[in-house]
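Hi there,

Here is the structure I promised to pass on.

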Amino acid sequence: MAAVHQQLVLDEKYTFQSKTKTSLIILIVVGLVLAGLGVVLAQSMSHGHEAAHGTEEVAKAAEHAHHGSPVIVKRILKDLWQNNIFFGGIALIGVFFLAFNYVAHAGWSAAIKRVPEAFGNYLFVYAGLTVVLLIVGGHDLFHWMDHDLFDPASPKFDEIINSKSWYLNVGFFWGRTIGYFVLWILFWWMLRQKSKQEDMIGGVNNYDRSIVISAGFLIVFGVTSSTSAWDWVMSMDPHFFSTMFGWYVFASTFVSGLAMITLFVLRLKKAGYLSLVNENHLHDLGKFMFAFSIFWTYIWFEQFLLIYYANIPEESYYFVERLLNSTYAPFFFAAFFINFLFPFLALMTREAKRQMVFLEIVAVAILIGHWLDFYNMMTPPVLHNDGALDISFFFLEVGITMVFLGVFLFIVNTGLTKAGLIAKNHPMLEESIHHHVY
Amino acid sequence: MKEHQDYILGVYDDEDVLVEAVGKVREAGVKIKEVFTPFPVHGLDTALGYKYSNLPVASFIYGATGTITALSTMIWMLGFDWPQDIGGKGHIALPDFIPITFEFTVLLAAHGMVLTFLIVSNLFPWNYAPKMFDARSTDDKFVMAIELDSNSKMTADAIRSVLRESGATEVNDFKDEAHK
């Protein structure tokens, strides 16, 4: 045992190699090119569609029926918004992961904690993009931002949305949005500072303070994870409400975040870093992905079941839009198979959770599946029936996602270089080194 | 039939010595019957070469039985035997069946697993209680029991010296009278 201990390197430092940088930049550029091609493709296809209808007047009438910007602009805005929420959510899960591990006095995760810690760096991009997208595309993304809906004299007056105006009004909305980011970034920054100080001076002081900060963050996160999901996702369908929606979005982002953490750990391990991490730590990450895939399914299905059974029009139209409408049904069922059945069966055995290959395949599947789940949450209220799955999806949507992925990986990799890869003075590190899962 | 069963007991003071001793004793070709410790010792089962149990496989089979039984029963009852339309959802309304299917899966998997474990581990109350070789193994000693019959290739003296070399503080003989 003692011999093994001496071989371990605690002063690991991650170098963001220029080779990795180049491939990430290529990923971003290819994504941009694909997205550009996608725009051209989508435009040419919609022209063909209109021509089939005959006259130009029909096309004009169709365009007038949709309020706001042209379909392609809405579609791009929706894609940007969806990826922004998806990748931003993953970054926030990094902070959440740190916080609940601190509060639980968890020992095993000490060896990998620098990975979720680095995720927090992306929160700045998340904040910036959210503000920009809300300014540019707020009216296209959020139907309720139309002032006429709240004006009893207007023909567009909407009694249901008007009754929610105490919560859904632009001022309060912006206040909440700014508030979330200030709180999230502040808590992440405090945890990060304590963690860096611990590296330099050691002792348990920083650890104890981190637990207090984490407990504070968990309270903030408990409220804001739900309310931000209402604000940024659920209010895209302003008539619809579901008391489970916050949990549903949280479950989806949490399991995606866990998959992203696992992928980073696997990649670092393969590149020869994280010598402390062995299959026991991977086993725990695997258990997390397995368990929270089931948790997501539970929430996803319970939300559906209650709405289906009660059959209240305001609630059930959410599923009429997504399930009975053949445009979005493939996404709905794909999410079920990729997010539940596949991880459930693939990660069921002990051995599967301890093997890098299995974990890698499942983690990638989970990320794709939950991206599709977010697509299904956000597309129908913006694009209605124009969100059909056609060939341009593989250019525009996939391209924009590649750009976001590239930026996310670039920022997190840069974040990893800013501190040692192993929190060498973490009081739980010894426990993490000897971690053993039966 | 032999009148009694002969054992040699190695008594250890320290769990780290014990875990290493288990490896040494097994390397010397001695089969270990059982090791008794006052508390669970990390790494002991690996040192003893115990294989992982197949209980999860049994649990999966019980669970799958539950899923299939619950689904097919409800589909047969509400769809064919006595068709009922509840809440306008049709005769075979699958979403309604999922919670019950889930519960029945968990019920069979959990109960099946517990019963199987009790049977496999011989843990029912009316079963023959495990032997107490040395009462100190419930207090501060770690006791390794070696059955002479299953080590017929070695002499008792050879086994005693292996145990002493592996770090045992005492090496005792034990005669089990229960087999008379």
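Among contacts in chain A between residues at least 6 apart in sequence, what percentage join residues at least 24 apart? The figure is 82%. Please keep in mind that this is a predicted model.

Chain A first. DSSP gives this chain 17 helices and zero strands. Its radius of gyration is 23 Å, which agrees with the value near 22 Å that a compact globule of 438 residues would have. The C-alpha trace of chain A spans about 80 × 45 × 40 Å along its principal axes, and 40% of the chain's residues count as buried.

Now to chain B, where there is a sheet to look at. Four strands make up an open, antiparallel sheet in the order 2-3-1-4. At its edges stand strand 2 (34-36) and strand 4 (170-176) of chain B; each has a single partner strand, so one side of each has no neighbour in the sheet. From one strand to the next, the twist averages 25°.

Strand 1 (residues 5-12) and strand 3 (residues 142-147) of chain B are joined by six bridges in the antiparallel sense.

Helix 1 (residues 15-27) touches strand 1, strand 2 and strand 3, and its direction makes about 135° with that of strand 1. Helix 5 (residues 156-165) touches strand 1, strand 3 and strand 4, with an angle of about 15° to the direction of strand 1.

Enjoy exploring it!

Best wishes

Technical notes
Residues numbered from 1 in each chain as written. Chains lettered and ligands numbered in written order. Predicted model: local features only at pLDDT ≥ 70, side-chain atom pairs only at ≥ 80, totals over all residues. Helix = DSSP H or I, 4+ residues; strand = E, 2+ residues; numbered from the N terminus. Rg over C-alpha atoms; globule rule 2.2 N^0.38 Å. Buried ≥ 20, exposed ≤ 12 C-beta atoms within 10 Å, placed from the backbone. Contact = placed C-beta atoms within 7 Å. Pairing = 2+ DSSP bridges. Axes fitted to C-alpha atoms, helices over the stretch in contact; angles between N-to-C directions.
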